[in-house]
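Here's a quick briefing to read with the model open next to you.

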Amino acid sequence: MPVVAFEHASGPGRRDACVSDLKRTPLYDLHVEIGAKMVPFAGYDMPVQYKLGVMKEHLHCRSAAGLFDVSHMGQVVLRARDPQLAKTALEGLIPQDVLGLGEGRQRYGFFTNDKGGIEDDLMFANRGDHLFLVVNAACKDADVARLRKGLEPDVTVKLLENRALLALQGPKAEAVLANLNPEVAGMRFMDVATVALAGAECWVSRSGYTGEDGFEISVPVAAAADLANALIAHEDVEPIGLGARDSLRLEAGLCLYGQDMDDGLNPVEASLSWAIQKVRRADGARAAGFPGADVILGALKDGVDRHRVGLLPEGRAPMRQAVPLFQHAEGGEQIGFVTSGGFGPSVGAPVAMGIVADSLHTPGTQLFGDVRGKRLPVKVAKLPFVPAGFKR
Amino acid sequence: MKFTEEHEWLRVEGDEVVVGITTHAAEQLGDVVFVELPEEGAEVTKDDEIVVIESVKAASDILAPLDGEITEVNEALVDEPGKVNDDPEGDAWFFKMKVEDLSVMDELMDEAAYKAFIA
């Protein structure tokens, strides 16, 4: 049995896994101390799981609270003499409404390319005198280069190296974090605020990548371990590795860049049209003006011939990334493929997402996935697979 | 009990060999969520991929450790794959097989050798 040596937090990170030059997050020592299994991911030596293991970590996060180290992600600050200028400039790179985002609020977005494909997805927050962006680890250098090219010299682009990023997720996240500072209890989904935690100035957002309520916390490096220790000291909190992070986000129907979307797939095909606000669409006040606008606005108007969908395999066998999909149990052309798939611990069965041809993307549609040479039944399903726990 | 470099254990019971995966392998795999077993009666050749085992992390194959005939499979694992993590060297055996000549077992590692192998 090739007991593969366990690497697999899947995703874009796997491309560059030369162990010798792996970077470490400020919490590396803590991970090792509390028994993490470390693996290369996006150029970093990251915890894939701790002592509980993927399944129990996943379930714990859904029932109580989980702490994630996501310090490998890129934290970027955009500043201009006039904050409006930074917002206008960012609208030139993403199809989202940046100018209309209120102070203290955060929004989901993506960088697009001239073909309408997605170069990376991101969170951006209006923090008053500056914009704060969080981008994917594997893309952060390219994102910073893209931002510099598109925004400088009017806007300064700074990749922060002096802050770690933690996520506290789960139904008990609010109660746990409010122990350290009661202010966080007043935040709503996608609010951002500056909050003192563990004696440090933290930038907190009420958001996450699990489908649960929770917070993402940008903390100065010097205070990161103290804050992480204070959080895992709580009886309701367990540290959660990349393995459960992947199954949590998959059950929540959230995309992983490089798998469920990439530079060859436009946002409409990726079923992310909801993230393009009206004001940037064809009849909007600030229509177009971002890379690939012609393709993307055309796709919004005319439709597309493939869609990202949820998939529920009917048997017990997981259908993982790259499994080819067919309309029939025998014969016929391939009509799609799985982009992310595995076992959903909260669903108690395999779950997946994939790209399928238009007309076959309606929930309930019966398809077949080729797993080890056998076509196994799978149904198109509504996303998410578990109800979202956000505090709206 | 004997062990293979593929992290299987083999135990002789009468004229049959019972096969499972080691505790070490189960720990490395993580939570097992899917098991596909061979057909009873199948004739297998050493190193044939005869069991598919999927964990929350990845899919792996279990290879036939010896030439022989599959006489019984542990159907309980299909309904409860998690047994592989709970009791890998006991209840969670995968299959039993008949081999022509049990002396081939002598070439496999004993427990001390396997412990050294995974150290």
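The centres of domain 1 of chain A and domain 2 of chain A, taken over C-alpha atoms, sit 29 Å apart. Keep in mind that this is a predicted model: local features need pLDDT of at least 70, side-chain atom pairs count only at pLDDT 80 or more, and totals for chains, interfaces and linings use all residues. Residues are numbered from 1 along each chain as its sequence is written, while chains are lettered from A and ligands numbered from 1 in the order in which they are written.

**Domains of chain A**

- Domain 1 covers 12-70 + 162-251 and domain 2 covers 305-384 + 388-392; these bounds come from an automatic or database domain assignment.
- Where the two meet, 14 residues of domain 1 of chain A are in contact with 15 residues of domain 2 of chain A (contact: C-beta atoms, placed from the backbone, within 7 Å).
- On the domain 1 side, α2 (54-63) and α7 (242-251) of chain A are the elements that give two or more residues, and α2(A) gives the most, with four residues. Helices (H or I, at least four residues) and strands (E, at least two) are DSSP runs, numbered from the N terminus.
- That side of domain 1 divides into five nonpolar, three polar and six charged residues. Here Ala, Val, Leu, Ile, Met, Phe, Trp, Tyr, Cys and Pro count as nonpolar, Asp, Glu, Lys and Arg as charged, and the others, Gly among them, as polar.

**Chain B against chain A**

- 21 residues of chain B are in contact with 19 residues of chain A.
- On the chain B side, α1 (23-29), β4 (32-36), β6 (49-55) and β7 (59-63) each supply at least two residues; β7(B) has the largest share, five residues.
- By class, this side of chain B has eleven nonpolar, four polar and six charged residues.

**Strands of chain B**

- β6(B) pairs with β7(B) in the antiparallel sense over five bridges (strands pair if DSSP finds at least two bridges between them), and the two form a hairpin with three residues between them.
- In that pairing, E49(B) stands opposite L63(B) of β7(B).
- β6(B) also runs antiparallel to β4(B), joined by four bridges; V35(B) has I53(B) as its bridge partner.
- Five of the seven residues of β6(B) are buried, so this strand is largely enclosed by the rest of the structure (buried: 20 or more other C-beta atoms within 10 Å of the residue's own, with C-beta atoms placed from the backbone).

Terms used. Buried ≥ 20, exposed ≤ 12 C-beta atoms within 10 Å, placed from the backbone.
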